[in-house]
Amino acid sequence: MSLLIHIEKLLSGQYVEGSRMEFKEGWNPKAVMRTVCAFANDSENEGSGYIVIGVAEQKGKAVRPVKGFPEDAYEAVQKELLAYCQLISPSYVPRLSLEDIDDKKVLVIWVPAGSNRPYKVPDDVLAKKKVYNFRIRQYSSSVVPNTEQEIELIQLTAKTPFDDQVNTNASLTDLDFALMREHLFKTNSKLFDESATMGIEELADKMNLCSGAKEHLFPKNVGLLMFTPHPERFFKGVQIDLVEFPQGLGAKEFSEKSYYGPIQLQLTNVLEEIQKRVIQKRIIKYKDKATADEIYNYPFEAIEEALSNAVYHRNYEIETPIEVRILPQGIEIISYNGADPSLKQKDFDTGAIRHRRYRNRRIGEFLKELKLTEGRGTGIPTIRRVLQDNGSSTPIFDTNEPTRSCFITEIPIHSSFGEGGRIGGQIGGQIGGQIGGQIGGQIGGQINSEKQDYCTDHEDNELLSEKVKIPASRNATKKDQLQAQQSMVLASPDLSAMQKAVLMAIIENPRITRKALAQQFEIHESAIQKHINALKTKNVIIRVGNTRGYWKLKK
């Protein structure tokens, strides 16, 4: 049989993580069977593993051109492998495919995660006296688990991920043959051409989308989520709601559109809509430089990664849809029922994400094959990196403690775009007069409905403090002093637009509570707390007293 992924993509290392691949220069049954057992156990719910025979390895990468596998040895190796698989307890048989690359053949052993784990295998399948052990993957090696790891592996017996479970309320005829072949076409799989003469049962089997006895095959949930026109027939709430609040969450005006269909199409359709209607670009030209900078209100790669993660990691047993909120100050992506319990809020705050196990290993495999999501543990760092490269504020990842009922990713709008305009208008109203208008315009400008906006002068920020300073003389009124403080805050280059807005509200009312700030800016209290913590870290404010206390400016 042929692979679901093209051999070139497999060897590139860009679609399948190194921990899920092993390269062998030749057929070595001792090592190969230990790795087959480890991949079948899939102790971290990563998904399928691949053993590629006929390829040398250097520093975890395939050496090109490949050494090759002798085609005339295929049948003999296949028979040996089937015999050795009988030694695995309980019995497990992987899938084989002879692939063409670099004008040679390579043998690929595709090892989907087993449904009857945990599995044991002899340490040496060729030995007369066989010693059996469990095997798991540890980085790029197949090792015997320690006591704690073995206990965890045994506990996984009754915990097949939801997307890999069989759905007895559906039949194979509910799968869409055309959608299945479309995926094979997009991934450039050899199976696409071969599938033209297959029936739905054969193709579903080769794509590992069904399980059961031959006379009673049932589709797996991943097949119903990705390869049926209407997965909502089987899973309520399988949709993405795109909601736009032009004036913020508290306003009456909003627009909403729901996206249905196979989950990978929901994802791409929503991303296309955001790219077409929401993403804006500005070109900043400098007087003293020949080159200009391009900035975006939202770098598309960050939105793509955040929404792909939501589709990948959401709990499809819960009926609440994924929600994407377009707000004046940013984009929120909310998925249910929250992050894996092993991940704590501090992990997201520090960026040290070490995912223990994946909720939807099969969905992840298919999305990676389509290049819709990144490899293991790269999503959060990617979002942080592209926002930093764009000059945007740091994203917020909220685990919704203590209930952890949802996971929220907040992508802030770049301070040169709409958020500043909204906050600036709000602040301008608080301050009043011409100064407020200057400040509001300076922070954010006005939202430009065009896709591209040209800024020819980058020196305004340096002049802002000179334009709006008001001497704090003895004759100055409290209003004058308030305006002076607010003006100096807005001129600070060290604070983000949201930090400035929160600080302005604190200056206006030093006794304001975190809850009141969250209501005022229409964001979660945990997000407000992060902005307050940032202001404390930057030595801008301190808290005097506890519950009945107040905020005091330090500079």
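1. The largest nonpolar core has 85 residues, and those touching the most other members are L10, Y50, M207, L209, L307 and V324. Such a core is a set of buried Ala, Val, Leu, Ile, Met, Phe, Trp, Tyr and Cys residues joined through side-chain atoms within 4.5 Å; buried means under 20% relative accessible area, with a 1.4 Å probe and protein chains only. Helix α10 (residues 300–313) gives the most to this core, namely seven residues. Helices (H or I, at least four residues) and strands (E, at least two) are DSSP runs, numbered from the N terminus.

2. The model is predicted: local features need pLDDT of at least 70 and side-chain atom pairs count only at pLDDT 80 or more, while totals for chains, interfaces and linings use all residues. Residues are numbered from 1 along each chain as its sequence is written, and side-chain values use heavy atoms, leaving out hydrogens and water.

3. Residues up to four places away in sequence aside, L307 touches I240, L267, V270, L271, I322, V324 and I333. Another core, of 24 residues, lies apart from the one described above; I51, V77, C85 and Y92 are among its members. In soluble globular proteins, nonpolar side chains tend to be buried together.

4. How do α10 and α13 lie relative to each other? The axes of α10 and helix α13 (residues 379–390) come within 8 Å and cross at roughly 160°; axes are lines fitted to C-alpha atoms, for helices over the stretch in contact, and angles run from 0 to 180 degrees between N-to-C directions. The two helices are therefore roughly antiparallel, a term for angles over 145 degrees.

5. In α10, E301, A302, E305, A306 and N309 meet G379, I380, T382, I383, R385, V386 and L387 of α13. Contact here means heavy atoms within 4.5 Å.

6. Across the chain, there are 20 helices and 23 strands. Buried residues make up 52% of its 555 residues. Among contacts between residues at least 6 apart in sequence, 66% join residues at least 24 apart.

7. The bond from R64 to P65 is cis, with omega near -5°, and P65 sits in the loop between β4 (61–62) and α3 (74–85). R117 and P118 are likewise joined by a cis peptide bond, with omega about 10°.

8. D42, although not a glycine, has a positive phi of about 40°. D42 belongs to the loop between α2 (29–41) and β2 (49–53), and is buried, with a relative accessible area of 5%.

How values were computed: Buried means under 20% relative accessible area, exposed over 50%, partly exposed in between (1.4 Å probe, protein chains only). Angles under 35 degrees count as roughly parallel, over 145 as roughly antiparallel, 65 to 115 as roughly perpendicular and the rest as oblique.
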